[in-house]
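Please keep the sequence and the model in view while reading.

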Amino acid sequence: MSDNLLTLSGVHTHIGAYHILHGVDLAVPRGQLTMLLGRNGAGKTTTLRTIMGLWRASQGRIVFNGQDITALPTPQIAGLGVAYVPENMGIFADLTVKENMVLAARGARNASAIDQERLQWIFSLFPAVEKFWNHPAGKLSGGQKQMLAVSRAIVEPRELLIIDEPSKGLAPAIINNMIDAFGQLKAKGVTILLVEQNINFAKRLGDTVAVMDNGVVVHAGAMKELAENEELQHSLLGLAL
Amino acid sequence: APLAWSQANEIRIAHIYSRTGPLEAYGKQTQTGFMMGLDYATGGTMAINGRKLVVIEKDDQGKPDLGKSLLAAAYSDDKADVAVGPTSSGVALAMLPVAEEYKKVLLVEPAVADSITGDKWNKYIFRTGRNSSQDAISNAVAVDKDNVSIAMLAQDYAFGRDGVKAFKDALKKAKIVHEEYLPMTTTDFTAGIQRLIAALKDKPGRKIIAVVWAGGTPPFNALADADLQKRYGIEVGTGGNILPAMTAYKRFPGMEGATYYYFGIPKNPANEAMVSQHYKQFKSPPDFFTAGGFSAAMALVTALKKTNGDATAAKLIPAMEGMSFDTPKGKMTFRKEDHQAMQSMYHFKIKVDPAFPWGVPELVHEIKPEEMQVPIRNKR
Amino acid sequence: MSFKEMDWQPLALVPVLALLVLPFVGSPSTWLTLTVAGLAMGMIIFIIASGLTLVFGLMDVLNFGHGVFIALGAFVATSVLGAMGDYTGSESLWRNLLAVLPAMVVAMLVAGAIGLAFERFIVRPVYGNHLKQILITMGGMIIGEELIKVIWGPLQIPLPLPEGMRGSLYLGDAAVEKYRLIAVVVGIVVFGVLLWTLTRTKIGLLIRAGVQDREMVESLGYRIRVLFVGVFVVGSALAGLGGVMWGLYQQNVIPQMGAQVNVLIFIVLIIGGLGSTTGALVGALLVGLMANYTGFLVPKAALFSNILLMMAILLWRPQGVYALSK
Amino acid sequence: MLTRLLSNDYPRSRVLAVILLAIFVALAVTPFAIPGVKALNVAAKILVFIVLVASFDLLLGYTGIVSFAHTMFFGIGAYGVAIASTRLGAGWGSLAIGIGAALVLSLVLAAAIGLFSLRVRAIFFSMITLAFAAAFQTLASQLSEITGGEDGLTFKMPEVISPSFDFELFGQAYDGRLLCYYLLFVVATVLLLAMLRIVNSPFGRVLQAIRENEFRAEAIGYRVVVYRTISSVLSALFATLAGAMLAIWLRYNGPDTTLSFEIMLDVLLIVVIGGMGTIYGAAIGSALFLVAQSYLQDLLKLASGAVAGVPTLAALLSPDRWLLWLGLLFVLSVYYFPTGVVGRLRALRAAAPVRSPSLPAAPAASPQKRVQGDYVEN
Amino acid sequence: MTQLATHDLTVRFGGHVAVNGVTCAFEPGTLTAIVGPNGAGKTTYFNLISGQLKATSGTVTLGGRDLSGASASERTRAGLGRAFQLTNLFPRLTVLENVRLAVQATRGGTHRRGLNLWSVWSDHADLLARADELLESIALKDREHELVANLPHGDQRKLEVALLMALEPQVYMFDEPTAGMNHAEAPVILDLIRKLKADRSKTILLVEHKMDVVRELADRIIVLHNGTLVADGEPAEVIASPVVQEAYLGVSQKEAA
Ligand SMILES: Nc1ncnc2c1ncn2[C@@H]1O[C@H](COP(=O)(O)OP(=O)(O)OP(=O)(O)O)[C@@H](O)[C@H]1O
Ligand SMILES: Nc1ncnc2c1ncn2[C@@H]1O[C@H](COP(=O)(O)OP(=O)(O)OP(=O)(O)O)[C@@H](O)[C@H]1O
Ligand SMILES: [Mg+2]
Ligand SMILES: [Mg+2]
């Protein structure tokens with residue numbers, strides 16, 4: 001089935017006086033893992049923030065699950081079943097790990113109300129989350145914070161996961177765990193949109209790929225196709241997968 | 001030039017007072033009284049010898065530096081001949097040298113600090129308002145009996161300390177057993193009252209806590225709640241105040257003290273005129289500072305009549321020194337030495353009358369100027 | 001927080017301080033009077049500061065305009081109580097309460113409503129920027145104070161305590177004003193409700209998270225704006241309640257009364273540690289006690305007792321007695 | 001030459017340059033151009049406030065320290081002059097002694113405060129200074145033997161700068177106040193240029209770095225304590241001089257005149273109206289604000305006269321409610337001048353070319369880092 | 001020879017020992033990679049060396065000089081330079097000003113390490129020249145007047161490294177310098193590090209999770225696990241060791257075989 005859970009068409013975004021996105025067209029197929037690649041400053045983060053309504057698109061349309069969300073306020077977009085992990089991880093440093101998780105679990109009033117099975121699964125993926133359960137999140141190591149950020153996004157079932165560079169700062173062992181986790185989530189029908197620099201990640205997980213440059217999507221297609229075409233990789237990314 | 005002509009035909013009076021700021025309420029009463037007084041004293045013509053009285057109002061906001069520049073601007077830019085005001089003592093003290101610089105009269109009303117007619121005085125300064133000593137001495141006269149022990153409760157700044165000192169100096173028979181100074185901003189009086197109780201409770205004879213307090217949160221409710229009379233036989237005494245502040249007096253029936261003015265006390269035509277006029281305009285009786293403003297106006301008009309409308313200091317000063325004039329408080333006289341108006345004060349006793357929201361002071365005795373030895377503190 | 005995890009040291013500070021000064025005061029009855037009055041005063045201070053524990057402590061909004069809601073509450077009370085002379089004049093405490101309770105409710109409603117507008121027009125543009133908060137809320141404060149003067153006049157207005165609440169009760173030789181006991185009851189209720197809401201619901205967490213990273217909280221799907229508005233309104237309403245209590249305590253109200261208590265309540269919050277309700281209570285009680293003890297023992301120092309207390313506490317715990325994490 | 005004088009920190013906007021020049025010229029000719037004592041008083045006060053506000057900008061705009069105790073130093077300067085002139089009599093000698101002693105006291109206090117500021121959270125520090133300033137004001141009125149208490153001190157100045165000194169110029173009669181005014185004018189200009197030099201020195205840049213990220217400034221090798229303390233001290237010394245200027249002009253000083261919280265607020269507001277971290281903002285802000293403040297009541301008098309028939313409106317426009325409008329000014333200035341007049345004007349100029357650096361990011365763009373010291377590194 | 005050494009360096013947070021008795025010396029001219037699982041204590045170890053954290057016990061010495069009691073800024077001036085894992089810049093200053101501040105921080109000169117109150121900053125042309133050179137080397141010259149807050153993440157990471165370069169310290173500590181950096185950009189940083197290595201007089205410490213980078217650059221690897229130093233040696237040897245294979249790379253023995 002090739003219907004798209006999320007589509008952006010002709011999205012322009014301005015930040016202050018700067019014109020950052022110049023008509024982004026992007027389709028995220030349902031149940032697949034989409035990779036968003038591109039140089040530093042290409043506009044990947046800006047695209048994700050625009051989807052979440054954290055920046056406002058000045059032109060164009062964003063449609064999620066058949067609903068136009070271009071002008072919806074952020075909480076409502078999240079309420080439709082979107083989880084977002086920003087580039088800076090968005091950890092509440094003054095709150096404990098537990099409190100961070102409780103907030104992420106919208107249905108739970110306190111820690112004991114979080115789905116225990118799911119929580120155990122998260123603990124098995126990211127042992128640090130369990131180990132530092134009652135510690136202030138601000139004191140975690142860089143990688144531990146990243147784990148917490150991803151844990152928050154998956155603590156409850158969501159239709160779409162949007163993650164800005166999930167593997168940043170993680171040790172290889174943990175990256176493996178994360179790849180497994182995304183695989184399991186995908187199997188459950190979750191759609192995932194990732195910005196990622198890690199090649200292993202991209203190769204092992206990606207179904208579809210979009211490459212951005214200068215605020216527009218310059219290539220979109222199947223991951224396989226890009227992985228096999230070295231010439232294309234060079235011209236788009238200047239790298240070999 | 002037409003301007004010069006019109007000015008020649010005018011007597012320009014600057015009234016500088018707290019239209020805004022912490023003393024806004026007092027300042028406005030003064031202004032009301034002052035205008036009523038001018039109207040009354042000129043028989044409604046607002047002119048003397050054909051020269052119109054023009055009042056220029058200025059707002060010192062209770063700030064001394066501002067008052068100072070306003071007075072200079074009034075004398076120089078607005079060509080005021082004389083000035084009246086201000087509300088606060090601090091502002092008045094800053095203004096005094098300006099009058100001297102411009103060689104024009106400043107009639108102080110109602111600022112009370114002794115030093116205005118004391119060591120900071122200069123010959124351009126007159127005052128119709130009572131000074132701290134007059135306040136304190138009259139209050140002392142009201143309670144000064146044999147076998148009386150007094151503990152003072154005062155605000156810890158110049159006004160409070162001066163008041164206590166003058167009070168002490170005026171006492172002949174009664175004994176001061178304790179002085180309690182509390183910060184001006186005190187709201188919780190428990191500690192102070194405990195100290196007062198400790199100082200007074202075992203004293204023989206009559207025991208009185210004499211309060212010198214102006215503005216802020218007055219201690220009367222706290223004193224009343226402590227049930228001092230019942231528990232220790234301790235009475236409370238204090239001076240007069242503006243009417244809203246006297247609601248607290250309701251809880252002290254029989255309390256004695258001395259006041260500068262209460263509209264029901266003095267019996268004279270000026271007071272009757274002022275009270276009826278005030279009721280007509282505002283549906284309420286005139287208050288403490290209204291009487292002051294009225295008196296200042298009467299002093300000024302009396303003096304100007306004496307000089308045939310000449311408002312220069314050279315003419316006004318000799319005319320005003322020793323001059324007597326009528327006021328709502330009866331006759332006042334500018335004493336020659338320090339230009340302080342000598343005046344009656346009223347020894348009262350509080351009665352509770354449900355018709356009034358405040359405790360009503362009933363006259364016990366009018367303390368005539370002759371009965372008070374108000375010290376002269378200035379150097380001529 | 002479980003009973004065991006609770007940090008008891010700051011709470012112990014209150015009785016320790018009280019016992020320490022006993023020998024200096026000497027007379028036990030005086031000591032009792034001072035202590036009970038000080039604690040009760042602390043409770044009143046807590047009530048007026050409670051709104052700010054939400055607004056400043058939790059939302060991190062340096063609201064210098066908080067005092068205006070205190071004044072507003074007090075002025076509304078003068079109007080309400082003034083219209084209910086029958087009830088306030090009665091000797092019966094119950095009839096008095098029938099007058100005071102509506103006054104409280106109306107004051108809270110009015111203060112809350114104004115708080116809504118205040119949040120919308122004054123505070124909303126400056127979340128997260130302390131400096132601008134100081135300025136703009138200061139402006140709000142001045143405007144509010146002047147509007148009070150326009151409506152009620154610039155004069156001091158008496159707010160007499162209802163008959164039945166006046167006077168004192170006696171514990172042996174020590175006297176305690178009745179009104180202070182009422183304040184203690186109100187204070188305990190406010191404290192209980194606040195503590196319950198903040199620890200037993202997610203609201204406290206959400207606000208703290210929202211202050212750190214608003215966007216993230218929104219990305220998690222919470223409508224933080226609505227929550228902030230709500231909390232601000234509740235904070236303002238509590239200030240209104242505090243105003244009624246404070247006005248009745250002083251028995252007269254002036255438009256500047258809010259500005260006068262501003263510094264005091266900030267001190268209480270700093271001593272308590274931002275965001276902690278229990279801390280605010282401890283801070284208020286300490287301030288109340290210290291004022292009475294120094295006022296009795298070294299009156300000269302009473303003026304500076306709050307500041308000295310604050311400095312001492314900050315030297316002990318630079319974040320206040322109960323700092324949230326960190 | 002001009003570059004040296006302005007420390008290579010040009011206004012960077014034509015409109016701004018014109019306004020600054022206009023203010024400078026206006027202040028220079030006020031005594032001759034505008035008659036009246038009031039105008040002269042306003043102009044003198046503007047001169048004093050330019051120095052005071054710029055000194056505060058050094059602390060707030062450049063170092064990022066929010067202190068409410070700044071008027072304390074202003075007061076110390078004024079009291080220095082006041083007490084010395086009262087005790088030792090009018091004279092240049094007593095002025096020098098008074099100012100000298102005040103500078104020393106300010107230096108010690110500011111150093112102590114600067115050191116203390118590192119111990120506690122920034123926001124706590126501001127609240128503490130608030131309490132501290134209140135305590136200092138109380139102290140000043142308590143020590144009435146020395147300071148004249150609530151009533152303050154009235155004193156005299158050396159003959160040449162006193163009103164009693166009359167002289168003639170081009171056939172016109174003038175008095176010593178004119179000379180006093182020009183003394184202030186010269187001093188204010190010199191002090192302002194000095195501060196401009198300081199903020200544009202390598203030191204000034206380090207202060208900005210500390211404001212932006214104290215943690216990192218320390219990490220790249222700057223001893224933050226030292227810079228902070230020096231900045232506190234410098235700003236206190238300039239404020240002290242401003243206080244001395246005011247006392248010389250007024251020949252009066254009292255707690256309300258230099259120590260009150262109201263002045264602190266005015267200073268804050270002026271910094272923000274003018275534009276934080278620009279120094280030039282101090283000049284523009286002071287001129288705007290003081291003129292508005294001084295003539296607001298007069299203006300309202302006219303306005304309320306015009307609407308005398310409408311009761312509520314008349315009540316709102318009554319000159320007695322001038323504070324209401326001042327309050328509104330606070331609110332509106334934060335709304336419409338978030339970066340101050342200077343920031344606004346510079347942005348106008350910068351808006352033309354796209355992707356210009358000096359355009360500030362939209363307010364919501366960068367999530368505010370809350371308090372300095374929050375940078376918990378891992 | 002200026003040698004960096006830590007002796008029995010330990011820090012405790014409550015009951016948690018984040019760095020546990022690490023004794024290690026680093027020679028000039030070598031690049032030592034520090035690897036270990038997340039939370040192993042790598043960043044904390046850096047913090048202890050550079051003075052962001054005070055050690056519970058143990059010492060840090062540089063060229064025999066004991067720096068254990070010194071503040072962070074003192075250590076920087078003594079020659080310990082450090083880049084951060086989470087970007088940590090001066091957001092509302094321009095790119096150029098950021099670098100210039102770092103250039104003037106550790107070196108004397110007429111600017112006297114930024115203590116000169118009475119000269120105009122823009123007159124110090126030598127600072128400008130050096131800053132320009134550095135920006136050139138990280139390919140950020142064209143954005144030098146941009147406010148740092150407006151840079152994309154990757155460029156901020158590059159600037160982070162440039163600040164360290166500007167200090168010209170004896171010891172360079174990089175904490176995951178290429179995290180979040182695109183593969184087209186990362187080489188810029190890696191080139192810089194290579195150049196430093198070539199200099200042979202600098203001591204370089206590198207925390208990095210990307211094993212290909214480590215393999216290429218490191219002369220020596222040390223492994224931290226739960227705060228303890230568990231392996232130290234030649235790269236190939238250490239990577240092959242069971243601790244690294246299992247605890248870090250997550251490869252079980254079977255798979256590796
Ligand atoms: N707050 C802002 N203000 C101005 N410009 C911004 C802002 N945030 C981002 N930009 C600009 O927008 C462009 C795109 O940035 P964005 O963060 O989307 O890039 P990115 O593809 O995510 O890069 P990276 O891989 O480095 O994270 C960059 O040129 C950046 O300078
Ligand atoms: N200030 C602190 N207070 C309490 N615990 C801390 C503090 N700093 C670090 N820790 C803890 O010490 C441990 C080591 O953290 P560190 O940041 O050194 O890890 P790391 O090896 O750099 O990990 P990563 O690869 O994820 O960056 C972590 O478990 C962390 O939670
Ligand atoms: Mg990005
Ligand atoms: Mg790390």
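## Basis of the model

This is a predicted model, in which local features need pLDDT of at least 70 and side-chain atom pairs count only at pLDDT 80 or more, whereas totals for chains, interfaces and linings use all residues. Residues are numbered from 1 along each chain as its sequence is written, chains are lettered from A and ligands numbered from 1 in the order in which they are written, and side-chain values use heavy atoms, with hydrogens and water left out.

## Two magnesium sites

In chain E, the magnesium ion (ligand 4) is coordinated by E:Thr43 through OG1 and by E:Gln85 through OE1, at 1.8 to 2.2 Å. Donors are N, O and S atoms within 2.8 Å of the metal (3.2 Å for Na, K and Ca); water is not among the atoms, so sites may look incomplete. E:Thr43 lies in helix H1 (residues 42–50) and E:Gln85 in the loop between strand E6 (80–82) and helix H3 (95–106), 42 residues apart. Helices (H or I, at least four residues) and strands (E, at least two) are DSSP runs, numbered from the N terminus. Both E:Thr43 and E:Gln85 are buried, that is, under 20% relative accessible area, where exposed means over 50% and partly exposed lies in between (1.4 Å probe, protein chains only).

For the magnesium ion (ligand 3), the coordinating atoms are OG1 of A:Thr45 and OE of A:Glu87, at 1.8 to 2.2 Å. A:Thr45 belongs to helix H1 (residues 44–51) of chain A, and A:Glu87 to the loop between strand E6 (82–85) and helix H3 (97–104), 42 residues apart. A:Thr45 and A:Glu87 are buried.

## The interface of chains D and E

Contact (heavy atoms within 4.5 Å) joins 37 residues of chain D to 46 residues of chain E. There are four salt bridges between chain D and chain E, a salt bridge being a side-chain nitrogen of Lys or Arg within 4 Å of a carboxyl oxygen of Asp or Glu. E:Glu97 and D:Arg205 form a salt bridge at 2.4 Å, N to O.

On the side of chain D that touches chain E, helices H8 (176–199), H9 (202–212), H10 (214–219) and H11 (224–250) each give two or more residues. H9(D) gives the most, with eight residues.

## An exposed loop residue

C:Ala83 is found in the loop between helix H3 (66–82) and helix H4 (85–89) of chain C. Why does C:Ala83 count as exposed? The reason is its relative accessibility of 66%.
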